[in-house]
Amino acid sequence: MPLFNEPNTAQPIELHKLTLGYDNQATVREASLRIDTGSLVAVVGPNGAGKSTLIRALAGELQPISGRLTGLAGQRIACLPQRAALDRSFPIDLRDMVAMGLWHRVGALGRFTAAHRLLCTEALAQVGLEGLEKRALDTLSGGQLQRALFARLILQDAQVVLLDEPFAAVDNRTTTDLLALLHHWQGEGKTVVAALHDLSQVHRHFPLTLSLSRAQATFGPTDRVLGAPNRTPTPWLDHPAETEAVSGEAFA
Ligand SMILES: Nc1ncnc2c1ncn2[C@@H]1O[C@H](COP(=O)(O)OP(=O)(O)OP(=O)(O)O)[C@@H](O)[C@H]1O
């Protein structure tokens with residue numbers, strides 16, 4: 001059951017000759033593609049190919065070297081970074097951490113009401129953590145913590161959900177449950193983009209794939225981008241990741 005009933009005003013995300021990188025070195029070069037609203041997209045590629053870089057750009061945390069990224073302005077975007085930066089020794093309980101997802105509703109000066117508390121309880125129940133509201137963060141297992149971070153994402157109720165390796169070092173049961181949540185979000189019309197390493201998981205759950213290799217982006221239906229399931233070697237093994245220098249003139 002959705003916790004919120006707001007109209008979904010999401011728009012397609014478009015990359016127009018988008019070049020991303022650091023210190024004028026292109027990690028993703030001149031990518032042009034369109035991600036329709038309600039898409040479930042895997043971003044794959046070898047280590048260092050630029051998956052996190054792309055997620056950071058979509059989250060608005062990294063400015064392009066050149067090109068444009070459109071369709072994200074005015075949309076609520078939720079991003080779960082890789083190995084989510086969270087100090088587990090911070091003295092708050094699980095409900096307080098999850099409640100941060102309600103920031104857009106409560107605001108800096110707003111009052112945290114009984115209705116907000118109930119939303120936290122419901123979100124925790126949706127990820128299988130009912131009854132653990134008062135638990136300190138440092139008493140949670142890795143899988144429980146990841147479930148809690150997804151409960152926070154539920155409360156963020158974003159139109160675009162960005163996930164950087166959300167299932168790394170997470171047990172199978174948790175992964176299965178959280179994948180179901182991704183499908184649920186897609187069913188609600190949210191756009192979900194997740195950087196992933198497990199290609200069989202991508203084949204099973206992600207209809208669309210954006211593959212990054214040699215700074216090039218290839219986007220389309222997963223079977224077309226990655227080949228048939230269980231194909232070996234992985235598509236990019238012949239082409240190890242590299243960055244390309246961006247000439248000042250070319251991108252002036
Ligand atoms: N803050 C930064 N400053 C400079 N270079 C960076 C920075 N962050 C990443 N890079 C470089 O950009 C390239 C892409 O990194 P990125 O983290 O996006 O790759 P990735 O595909 O997510 O890798 P992995 O699968 O290992 O997480 C790498 O060469 C990396 O060293």
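Author: A strand here is a DSSP run of E with at least two residues, and a helix is a run of H or I with at least four, both numbered from the N terminus. The chain has eight helices and ten strands, and Leu210 lies in strand S8 (residues 208-213). The model is a predicted one, in which local features need pLDDT of at least 70, side-chain atom pairs count only at pLDDT 80 or more, and totals for chains, interfaces and linings use all residues. Residues are numbered from 1 along each chain as its sequence is written.

Reader: What decides whether Leu210 is called buried or exposed?

Author: A residue is buried if 20 or more other C-beta atoms, placed from the backbone, lie within 10 Å of its own, exposed if 12 or fewer do, and partly exposed in between. Leu210 has 25 other C-beta atoms within 10 Å, and is therefore buried. Of the 252 residues in the chain, 37% are buried.

Reader: Which residues does Leu210 touch?

Author: Two residues are in contact if their C-beta atoms, placed from the backbone, lie within 7 Å. Leaving aside residues up to four places away in sequence, Leu210 touches Val41, Val43, Ala217 and Phe219. Leu210 and Leu33 are 177 residues apart in sequence, yet their C-alpha atoms are 9.4 Å apart.

Reader: Why is helix H1 said to be mostly covered?

Author: Six of the eight residues of H1 are buried. These are Lys51, Thr53, Leu54, Ile55, Ala57 and Leu58. Just after H1, Gly60 has a positive phi of about 85°.

Reader: Are Asp23 and Asn24 buried or exposed, and how do you know?

Author: Asp23 counts as exposed because it has 8 C-beta neighbours inside 10 Å. Asn24 has 12 such neighbours and therefore also counts as exposed. Phi is near 50° for Asp23 and near 65° for Asn24, in each case a positive value in a residue other than glycine.

Reader: What makes strands S5 and S9 edge strands?

Author: Two strands pair if DSSP finds at least two bridges between them. The open sheet of six strands has the order S5-S6-S7-S3-S8-S9, with mixed pairing. Strand S5 (77-80) and strand S9 (216-221) each pair on one side only, and are the edge strands. S5 and strand S6 (residues 160-164) run parallel and are joined by four bridges; Ile77 stands opposite Val160 in S6.

Reader: How are H5 and H6 oriented to each other, and how do you know?

Author: Axes are lines fitted to C-alpha atoms, for helices over the stretch in contact, and angles run from 0 to 180 degrees between N-to-C directions. Angles under 35 degrees count as roughly parallel, over 145 as roughly antiparallel, 65 to 115 as roughly perpendicular, and the rest as oblique. Helix H5 (residues 142-156) and H6 pack at an angle of about 10°, with their axes 10 Å apart. H5 and H6 are therefore roughly parallel to each other. Gly143, Gln146, Arg147 and Phe150 of H5 make the contact with Thr174, Leu178 and Leu181 of H6.

Reader: Which residues come nearest to the ligand?

Author: A residue is near a molecule if its C-beta atom, placed from the backbone, lies within 6 Å of it. Eleven residues are around the ligand, and Tyr22, Asn47, Lys51, Ser52 and Thr53 come nearest. Helix H1 (residues 51-58) gives the most to this shell, with three residues.
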